[in-house]
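Biologist: Could you walk me through how to read this one? I'd like the general idea each time, and then the case in hand.

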Amino acid sequence: MASVDIFNVTKSFGTQQILHGINLSVGDGEFVALVGPSGCGKSTLLRMIAGLEEISGGEIAIDGAVVNGLAPKDRDIAMVFQNYALYPHMTVHDNMAFSLKLRKVSAADIEQRVASAADILGMTSYLRHLPRQLSGGQRQRVAMGRAIVRDPKVFLFDEPLSNLDAKLRVNMRTEIKALHQRLGTTSVYVTHDQVEAMTMADRIIVLTDGKVEQIGTPLELYDSPANLTVAGFIGSPAMNFIPGVLRKGRDGVVVAMAQGLSLPLPENTGGADGQSIIYGVRPEHLQLNGSQGLPCDVSVVEPTGASTYVYANTAGVAICGMFAERHVLAPGATIWLQPMLDKVHLFDAASRQAIPMGRRAGASPLAQPALVSRCSDSAAV
């Protein structure tokens, strides 16, 4: 096992800069996910750790040693690719053993390592099969087995589950997490799927446009997003955003929205009176509650069995609510969605950064009122 440290790393293709001074550390034995939209630079960064892309600037260290000038084979890493990259004419056994044969490992040691990896992955009975005789999930296990037999300091995963169907992806991410818990090898995992990152990683690094937006545990990013980008990327369905204006007066703190609507905020909420803000609330933090909250016109209802998604419009904005209860709602109906005051997020409209929110110590989110009122400031937004 080993740590991975990245110091002010940049990457450019000609005049186009892709990564802008990345600084981060992956602890010994830690599982870290790099997430972000397509084109954010996450796969490029992973390939630079592996030595498959040259570094334009900065340093990358593995186990405390700078590896900028080392070839991929000398970095003691193993990489699992999106497309499996198996040799079609080789059996499962030979695919797993190939890199060890190139390294002149003894035949006895090769057999022991392959047998151990196959046992871990449940592939012992498939060692004489060719890749074409395997399912997608089994092929991915072979790709992981090929990495395991090397006993590397660091595992690098480049969107390994993106070619699998939905059910198999759920099963495989559980297997990868269990594998990490068993082996304890430092792992860096690239994905565009925030659910994979949330369920598998010890920490998540959110990238956009070649820059680090926030680093934290899955729940830290979910509960306290640093900006609009992180708030919108982490969570499924995505957080609802409603533009408004912060109002602080004798009657307390509110956010004034379009159509004369306003919602209360905790007394010690940050920000300044008259500041343009974005009011954020997650779909699971909205409640159907009679005639309290935001009046919404239902557009689409999606029952999934375990929960119901309700898409509606309020204050000129499309929002989504997610409910565990099975509500019978029809498109065109008017409902009232009440945000849980303790779960609301505010962001400055100009900088997109989070605004500190006051919280009532010891109060239950469900006990805090979030009543809508008609605001006299008709030009609030």
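**Reading the model**

Modeller: Helices here are DSSP runs of H or I with at least four residues, strands are E runs of at least two, and both are numbered from the N terminus. This is a predicted model, where local features need pLDDT of at least 70 and side-chain atom pairs count only at pLDDT 80 or more, while totals for chains, interfaces and linings use all residues. Residues are numbered from 1 along each chain as its sequence is written, and side-chain values use heavy atoms, leaving out hydrogens and water.

Biologist: Why is helix α1 described as largely enclosed by the rest of the structure?

Modeller: Buried means under 20% relative accessible area, exposed over 50%, and partly exposed in between, with a 1.4 Å probe and protein chains only. Seven of the nine residues of α1 (residues 42-50) are buried, so the rest of the structure largely encloses this helix. Among them are Lys42, Thr44 and Met48. Across the protein, 49% of the 381 residues count as buried.

Biologist: And Gly316, is that buried or exposed?

Modeller: Gly316 counts as exposed because its relative accessibility is 69%. You'll find Gly316 in the loop between β17 (308-314) and β18 (317-323).

Biologist: How many helices and strands does the protein have?

Modeller: Eight helices and 22 strands. The C-alpha trace spans about 80 × 45 × 40 Å along its principal axes. For contacts, think heavy atoms within 4.5 Å. Of the contacts with a separation of 6 or more, 68% come from residues 24 or more positions apart.

Biologist: Which residues lie nearest the centre of the largest pocket?

Modeller: A pocket, on a 1 Å grid over the protein atoms alone, is an open set of points where a 1.4 Å probe fits, with protein on both sides within 12 Å along at least five of seven lines; lining residues have an atom within 4 Å of a point. Here the lining has 19 residues, and Met79, Phe81, Ser99, Arg146 and Arg150 lie nearest the centre.

Biologist: Which element gives the most to that lining?

Modeller: That's α2, with four residues. β6 (77-80), α2 (92-102) and α4 (136-148) each supply at least two.
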